[in-house]
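I opened this entry to record what I looked up, beginning with the fold as a whole and ending at a single residue.

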Amino acid sequence: MNILVVFASEVEARNFSIPTHSTHTISVLVSGVGSYATLYSLTKYCLQHKPDLIVHAGICGTFTNTPIGTVVQVVSDCFADVGVYEQQGFRTLFDMNLADADLYPFTQGRLVLMSHTVPFLPQVHGVTVNTITSTPLQLSELIRTYNPHIESMEGAAVHYVALQEHIPCIHIRAISNTVGDRNKGHWDIQGAIANLYVALSKVIEKL
């Protein structure tokens with residue numbers, strides 16, 4: 001099987017070693033940070049190479065009390081800040097009837113991945129944003145609108161491309177911080193990445 005592992009940044013990717021004992025062909029793509037970079041680079045790669053499976057791996061923030069360093073499987077994601085802020089709050093394109101929430105690849109407004117379940121990881125729902133959440137207003141609107149578990153800047157883009165290209169996809173994230181907490185002393189990026197690599201190697205080993 002041809003497996004593509006997608007990281008957003010060199011920070012997340014630089015120390016990942018492709019398992020030498022794997023029977024699969026494994027390639028790595030550093031897509032670039034953010035939805036726009038990921039949409040372009042991943043679509044281009046898939047059109048040129050058509051992998052059998054995409055594994056998206058990275059770090060994220062949590063909206064819950066899940067401990068820093070925990071690795072999770074993201075089974076659904078969405079483009080959380082595509083819409084409009086009105087006086088009554090944020091409204092999505094689906095709320096405004098500018099898009100169909102159940103028109104493929106969307107399911108009730110979300111991009112759902114169910115082709116592969118990773119039994120040793122907790123399953124969560126994500127939101128993808130263009131601006132990292134740092135204010136109480138942003139935080140409360142995301143929770144009110146989506147009730148998410150984790151936040152990233154690329155997840156929904158990978159889900160979107162994988163679903164549109166009909167390529168199975170596994171999305172795993174390691175929690176490095178709490179959403180809204182900008183005190184980097186409370187973060188653990190390196191610890192999260194180390195845990196991510198352990199889980200990623202285990203996922204590949206079990207394929």
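I began with contacts (heavy atoms within 4.5 Å): among those in the protein chain between residues at least 6 apart in sequence, 76% join residues at least 24 apart. I note that the model is predicted, with local features needing pLDDT of at least 70 and side-chain atom pairs pLDDT 80 or more, while totals for chains, interfaces and linings use all residues. Residues are numbered from 1 along each chain as its sequence is written, and side-chain values use heavy atoms, without hydrogens and water.

Next I looked up the overall dimensions. The C-alpha trace spans about 55 × 40 × 30 Å along its principal axes, and I counted 5 helices and 10 strands in the protein chain, these being DSSP runs (H or I, at least four residues, for helices; E, at least two, for strands) numbered from the N terminus. Of the 207 residues, 49% are buried, which means under 20% relative accessible area with a 1.4 Å probe, protein chains only.

I then turned to Thr 38, which I found in helix α2, residues 35-49. Thr 38 counts as buried because its relative accessibility is 0%. Its side chain makes a polar contact with the side chain of Ser 31 at 3.1 Å and reaches the backbone oxygen of Gly 34 at 2.9 Å; for a polar contact I required a pair of N or O atoms within 3.5 Å, one able to donate a hydrogen and the other to accept it within protein, with residues adjacent in sequence counting only if both atoms are side-chain atoms. Setting aside neighbours within four places in sequence, I listed Ser 31, Gly 32, Thr 43, Glu 154, Ala 157 and Val 158 as contacts of Thr 38.

Notes. Buried means under 20% relative accessible area, exposed over 50%, partly exposed in between (1.4 Å probe, protein chains only).
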